[in-house]
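Please keep the sequence and the structure in view while reading.

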Amino acid sequence: MTNTNADAGGGDRVALAVLTQYRMGTTQQLHRVLAPGVRIEQTRRRLAKLRAEGLVDRVTLPQAGRVRAWFPTAYGVRVALEWPELNGRRPPRLVSDPVAARLRAGHALAVTETALAFLEDARRRGETCLPLDWLPEVHHPIGNGEAVIPDALLYYRSSDAMLRAFVEVDRATMGPERLAAKLTAYARLHRYIPGPIPGRRWHTTTQATEAAWRQRYPLFPRLLFVLDSTGPTGIDNRIRALHPTPATPQ
């Protein structure tokens, strides 16, 4: 006999884990991530239940159809980060209230939509990209108190390889030069070798010569830029800015 309460609890757990990891999603987006094969009313009921339990909250966006965007509460984050599937994840930068959520919704929802492009394509191709294979805002130190924090780190298994990528979603809110400056930050990450930890003896020479990213990845992840919210001319300008410029002879 199937324990429907246990099944519902498992679905609630997955929904909270996804929302904690993704930071924010509309009802439609979360339905596409969690349960595209059933009616959307099931997802609505699940989110309403989690909200009644104080684990998630929502804000209504001033768009046609009054779109609802969901985000985890501080309590929901504390609960979810205790689970093995989110082991080692840094707590997300929380929105303190619905007004703050509304102000950051544009970029957050664009990042979630980008995740869906990979998830849904993997489903069509019969390849592997599961909801929790999309990790927003993974912190990568590069020294001097600075860090590279991509919009997301993507894991995707094709038919013959495991692919990893840093994903940057640009909504044309910064000029092409500032967008291109992100390449410099990733170049710093690629060559960054951490120094000794203060107060701790330096035991090996290999640690002193190994780039920090090699402690996480067998190969340096690809870097993908997703360009949104601009027309063909704006996209062309951004693509040109991302191409390396040959040095001018002196």
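The term pLDDT stands for the predictor's confidence in each residue, on a scale from 0 to 100. The model is predicted, and for this reason local features need a pLDDT of at least 70 and side-chain atom pairs count only at pLDDT 80 or more, whereas totals for chains, interfaces and linings use all residues. Residues are numbered from 1 along each chain as its sequence is written, and side-chain values use heavy atoms, with hydrogens and water left out.

**Confidence**

Averaged over the protein, pLDDT is 85, and 80% of the residues score at least 70. At residues 1–6 the pLDDT stays under 50, and the model has one contact (heavy atoms within 4.5 Å) for them beyond four places in sequence. Residues 246–250 also have a pLDDT that stays under 50, with zero contacts beyond four places in sequence.

**The three-stranded sheet**

Helices (H or I, at least four residues) and strands (E, at least two) are taken as DSSP runs and numbered from the N terminus, and two strands pair if DSSP finds at least two bridges between them. In an open sheet of three strands, the order is β1-β3-β2 and the pairing is antiparallel. Its edge strands, each pairing on one side only, are β1 (25–26) and β2 (56–60). Strand β3 (residues 68–72) is joined to β1 by two bridges, and Thr26 has Ala69 in β3 as its bridge partner.

Helix α5 (residues 98–125) lies across β1, β2 and β3 and runs at about 90° to β2; axes here are lines fitted to C-alpha atoms, for helices over the stretch in contact, and angles run from 0 to 180 degrees between N-to-C directions.

**The contact of α2 with α5**

Helix α2 (residues 27–34) packs against α5 at an angle of about 30°, and the two axes are 10 Å apart. This angle makes α2 roughly parallel to α5, a label given to angles under 35 degrees, while those over 145 count as roughly antiparallel, 65 to 115 as roughly perpendicular and the rest as oblique. From α2, the residues Gln29, Arg32 and Val33 meet Leu109, Thr112, Glu113, Leu116, Leu119, Glu120 and Arg123 of α5.

**The four-stranded sheet**

A further open sheet has four strands in the order β4-β7-β8-β9, with mixed pairing. Its edge strands are β4 and β9 (222–227), each of which pairs on one side only, and neighbouring strands of this sheet are turned by 25° against each other on average, direction ignored. Helix α6 (residues 176–191) packs on the sheet, where it touches β8 and β9, and its direction makes about 165° with that of β9.

| Strand | Partner strand | Bridges |
|---|---|---|
| β4 (residues 134–136) | β7 (residues 152–157) | three bridges |
| β7 | β8 (residues 162–170) | six bridges |

How many residues form the hairpin that joins β7 to β8? The hairpin runs through four residues. Within these pairings, Trp134 stands opposite Leu154 in β7, and Leu154 in turn has Ala165 as its bridge partner in β8. Leu153 stands opposite Phe166 in β8.
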